[in-house]
Amino acid sequence: MTVDQRWMSWDDDAPPPAELYPEIPHPARMYDYYLGGKDNFPADREAAEKVLALGPMVRQSARANRAFLQRAVRQLAGLGVRRFIDIGTGIPTAGNTHEVAQRVHPDAQVAYLDNDPIVLVHSRALLSSRAPGSTSVVQADLREPAAILADPTVRQLLSAGEPVALLLFAVLHFIDEADDPYRVVRTLVDALPPGSYLALSHGTGDFIPAPETSRGPAIYRNATAQLTLRTKAQVTRFFDGLDLLAPGVVTAPLWHPEQPPGETDAQVGIWAGVARKG
């Protein structure tokens, strides 16, 4: 396997790079904490605990989102997709996109894009794959789709004209209305070859009582990215012009579940869906 090594060195005995801003909670590190990871700082854990205190559905939603990622990538690979662009990938953990895709297609090519330096630091974990495919790690910001499309790694994945899967898992809710998330997605999808796919998941407040819907976003106001929860209709709008695969936009646990749904699965606060570009 070849890996684009765009990471910064960080010796085990050295302090974290200043770019990590360890004193400011970061959504990727908070998400790592929700999943039981250890790649986070005290400020991340403190903020994450405040969110977890809102109810057990927070951690359930994080885990459901992770499981949806793995099912979606597996299904897309099964449909013949060998090229994946995963934006907002977060801190590497077991069952990453490249691991799932390369189990189906050992020659699958995956590009991870994230704006957090800690993701680059921990990208060494990608070397755990021994498949003959390629895995690249690029520092990029979803709010700048033109810069993403200009990146050499992304251009290479798009240049062959083969179907590409654009993955936006639990990242669009960190793009607020001022940055026009619909424009961002449209710009990226327009650059995909015909027959490509968009897979995304998005946090929602649809199942939270109205007086409490602002509590989660309020905690993220002190983080490096703000949280914008969206309704099912707003999330479905990201798929405009695309052909939604069955079962459409549903809560993450209900998208092609591998076991009978649980009692609370229909109210997990993550909408999810996959669509094909004609």
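## A pocket and its lining

A pocket is an open set of grid points, on a 1 Å grid over the protein atoms alone, with protein on both sides within 12 Å along at least five of seven lines. In this predicted model, the second largest pocket has a volume of about 270 Å³. Its lining is made up of 15 residues, and A67, R71, P253, E258 and Q259 are the closest to the centre. By residue type, the lining of this second largest pocket splits into seven nonpolar, four polar and four charged.

## The nonpolar cores

Let's turn to the packing. The largest nonpolar core holds 32 residues, and I85, I87, L113, L142, L166, L168 and L198 have the most contacts inside it. Two or more residues come from each of strand 2, strand 3 (109-114), helix 7 (152-159), strand 5 (164-169), helix 8 (181-190), strand 6 (197-203) and strand 9 (270-276). Helix 8 is the biggest contributor, giving five residues.

I85 is a handy place to start looking: beyond residues up to four places away in sequence, I85 touches A111, L113, V154, L157, L158, V164, A165, L166 and L167. Another core, of 27 residues, lies apart from the largest one and includes V81, A101, A108 and A252.

## A closer look at T89

T89 sits in the loop between strand 2 (83-87) and helix 4 (97-104). Is T89 buried or exposed? T89 counts as buried because its relative accessibility is 13%, and the cut-off for buried is under 20%.

Setting aside neighbours within four places in sequence, T89 is in contact with Y112, L113, D114 and V119. Of these, D114 is 25 residues away from T89 along the chain, yet their C-alpha atoms are separated by 6.0 Å.

Key. Residues numbered from 1 in each chain as written. Predicted model: local features only at pLDDT ≥ 70, side-chain atom pairs only at ≥ 80, totals over all residues. Heavy atoms only, no water. Helix = DSSP H or I, 4+ residues; strand = E, 2+ residues; numbered from the N terminus. Buried < 20%, exposed > 50% of the residue type's maximum accessible area, 1.4 Å probe, protein only. Contact = heavy atoms within 4.5 Å. Core = buried A, V, L, I, M, F, W, Y, C linked by side-chain atoms within 4.5 Å. 1 Å grid on protein atoms, 1.4 Å probe; cavity = no way out; pocket = protein on both sides within 12 Å on 5 of 7 lines; lining within 4 Å. Points joined across faces, edges and corners; volume = space filled by probe spheres on them. Nonpolar A, V, L, I, M, F, W, Y, C, P; charged D, E, K, R; others polar.
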